[in-house]
Number of protein chains: 2
Amino acid sequence: MAIQIGLVGTGTVGGGCIEIIKQHKESFLRHFGIDIELKWVCSLNPDEAKAHGVSDLFTQDYHDIINDPAVDIVIELIGGVSIARNIVVEALQAGKNVVTANKALMATYGKEVMELADSMKKELFFEASVGGGIPIISPLKHSLIANEISTVMGIVNGTTNYMLTRMSEDGLDYDTALREAQDKGFAEANPTADVDGLDAAAKIAILASIAFNSRVTIDDVHAEGIRNITPLDLEAARDMGYCVKLLALAHRREDGVDVRVHPTMLPLAHPLASVNGVFNAIYVVGDAVGETMFFGEGAGSGPAASAVMGDVLECARHLQAGIAPLVGCTCTDEVPFVPMEKLDTKYYIRFAVSDRAGVLASMANVFAKYDVSVHSVVQRGRQGDGSKVDLVYVTHTAREASVRAVLEDIVKLEDTVLAEPSLIRVED
Amino acid sequence: MAIQIGLVGTGTVGGGCIEIIKQHKESFLRHFGIDIELKWVCSLNPDEAKAHGVSDLFTQDYHDIINDPAVDIVIELIGGVSIARNIVVEALQAGKNVVTANKALMATYGKEVMELADSMKKELFFEASVGGGIPIISPLKHSLIANEISTVMGIVNGTTNYMLTRMSEDGLDYDTALREAQDKGFAEANPTADVDGLDAAAKIAILASIAFNSRVTIDDVHAEGIRNITPLDLEAARDMGYCVKLLALAHRREDGVDVRVHPTMLPLAHPLASVNGVFNAIYVVGDAVGETMFFGEGAGSGPAASAVMGDVLECARHLQAGIAPLVGCTCTDEVPFVPMEKLDTKYYIRFAVSDRAGVLASMANVFAKYDVSVHSVVQRGRQGDGSKVDLVYVTHTAREASVRAVLEDIVKLEDTVLAEPSLIRVED
């Protein structure tokens, strides 16, 4: 008796799943003895179901799936935290197993839905919520569990990585890079979730929760995006032997965990430094395994569907064997968060300032006032009319709160700073 | 009731396992509800057990473990295919589950031991047999199963990768690089298994068997090592935009699979190209997921023990849940092997030849005779006394059999070739 699947969402990823089932259903049975059948396809758009040749399975009402006692697994691929949340909750309550690619849901209501799944003794899989097709959640929940994980650090947003790659390699400015990413379909018309680091924040919340066995939600993540990054910053970084990536970082420290998303300068020899374009990669450090990295396409129909269907097949394998879920929520600890103000790291700060005497001195006074020690200051990119220069500061290791105070004071200096400063933390 | 472990082998990896259990036993229970206990430690060397503080568990006779009805999982870490094979077979026959790091065993007797495990309904895990701590076997057996895999390609031998990195970056010759690797403990006194590609051959046999659902043994793998590679080859490669890696390759083609190990020129932009030193990485291409790569430390106490203990914990999790093995042998197909002679690729060939008139013409005749089209020929590295030059040929795509014939004929040319030619296949 085949395991019956109800699919909700027939967009890019849902379409990919339908195609995988059509193409490989027979080999899943032959290679693994896993017998799955697509029973329902639900979306608001019958044309999408038609395009994939599954009109006969189509419904516009997800309740048809949840109310069908024959359905074993519900795949939720519509995203967001309103209807999607209802679908996941109602499916679990109805005794269905659930596979979702929904990062926002898992990073916001992860505790609620994981606990619901545990109490119903049903599976809730979400590999596709982070890193597209890259296996990362399963390795963290299985292969790597003999480790205490100290760091999870990733390039988990392909849009911004594409933009930064183009800005770095070809000197495009932010607006041009964004427009190009939009033209190519990598960025939404409203790019906020990508460029402001919110998409990455959801993903690192999910990874950190698993890696540290302690719940991290999207609201616990300090997120900064790439809007203030200019080609000048990327050029300056390269001259110093670094690249700039929008990193999602989660570190276990003595006093707790810190989880954040922001542009980061990485040494060019770091494994993440050569991850360019729309590729994603997640770097994990464990006390036994040392450094590992998981690399692949972070988005798109095929990669995301690979992850979703990997989960579906694993779930079907368990159902056929008649076994209860093996791994539910593993957030057994409550590790405190280290507030951002207490971060100690090195900083790259670029100020666009008036090109006049006294500016450097007055700025130096501010750094001194807050005891932020400057490693180097370099003047770069004098503009044509000579009225504006860029000053690039690199600090020694400093306390975030102090650096923030420096920035606040410097911005207030009379007739000095001409644009929003660019601040990039350095990960050595 | 804790799951009881019997460990055979207390060397580098076994010692790492003992330390992990000592350090993290409590957190395995708290985070995952997995309760394991080390009951026996077996080796020929009581001092190793003593060094890890487990003398009370020590035995020199592995039968003590196999005959103990309380033991649930046997860890085999002694390597080789004689006693190790007996241990694995006898343990399975006695109804124990087995975790091994033994690549030679799995690449040689994989069919036998997997079938035995299946027939006994016991687990046989072997993540640590390939890529040290890098999760790769579990992703191939779980996360990626929705894909048809077309390529598995990896740097799976840290010793040779270290040597090639030193030769490439610092101009060391082969002998110096080998001696250094031996001094640092990366290479054995007898380096054959590493430098001749046999270690890599065992590993790619294991990966290909899983990826293609068709048994590949070490004897099916064409293996060439790095003995003929010189710094000159690495320099020439770099000038052409390539690096040279000892790659283990497995490709699915229309007419079957080809599985081989040899020095390979890779474009510098390839994800594997920046994997340097003792690091390993495995690059996998699937029809849905596209390109993925798994990176990390390929050897050493911590990494290998991380993989072994990941398997042990997964096995214990299954035993506690009272479930039979979920995934046994998946070699359900019998895909034919494409013989090496039928390979079509580009070739880099360097000949050290006498520096005299007529050499280039007579060699050109041989290439023409076998219809191997030459893309470029460059003279490099004229020696001090002017008696010898190196000729570097790069061919267009050619048939392996023809290239072999070219080499055979050219080596026989009178008073021409002065040393074993260096042949490197090009992977674009």
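## Interface of chains A and B

The contact (heavy atoms within 4.5 Å) takes 52 residues from chain B and 52 residues from chain A. This is a predicted model: local features need pLDDT of at least 70, side-chain atom pairs count only at pLDDT 80 or more, and totals for chains, interfaces and linings use all residues. Residues are numbered from 1 along each chain as written, chains are lettered from A in written order, and side-chain values use heavy atoms, without hydrogens and water.

Chain B and chain A bury about 4200 Å² between them, 60% of it on carbon and sulfur atoms. That area is the accessible area (1.4 Å probe) lost on putting the two together, summed over both.

## Salt bridges and contributing elements

Two salt bridges link chain B and chain A. The rule asks for a side-chain nitrogen of Lys or Arg within 4 Å of a carboxyl oxygen of Asp or Glu. Arg30(A) pairs with Asp333(B), with 2.8 Å between the closest N and O atoms.

On the side of chain B that touches chain A, H1, H6, S12 and H12 of chain B each give two or more residues. H12(B) gives the most, with nine residues. Helices (H or I, at least four residues) and strands (E, at least two) are DSSP runs, numbered from the N terminus.

## Helix H13 of chain A

H13(A) spans residues 359-369; its buried residues (under 20% relative accessible area, 1.4 Å probe, protein chains only) are Val359(A), Met363(A), Val366(A) and Phe367(A). They sit on the same side of H13(A) because they cover an arc of only 100° around the axis, taken from the directions from the helix axis to the C-beta atoms.

The face turned away carries Asn365(A), Ala368(A) and Lys369(A), which are exposed (over 50%). Cover over the buried residues includes S13, S14, S15 and H14 of chain A. Just after H13(A), Asp371(A) takes a positive phi of about 65°.
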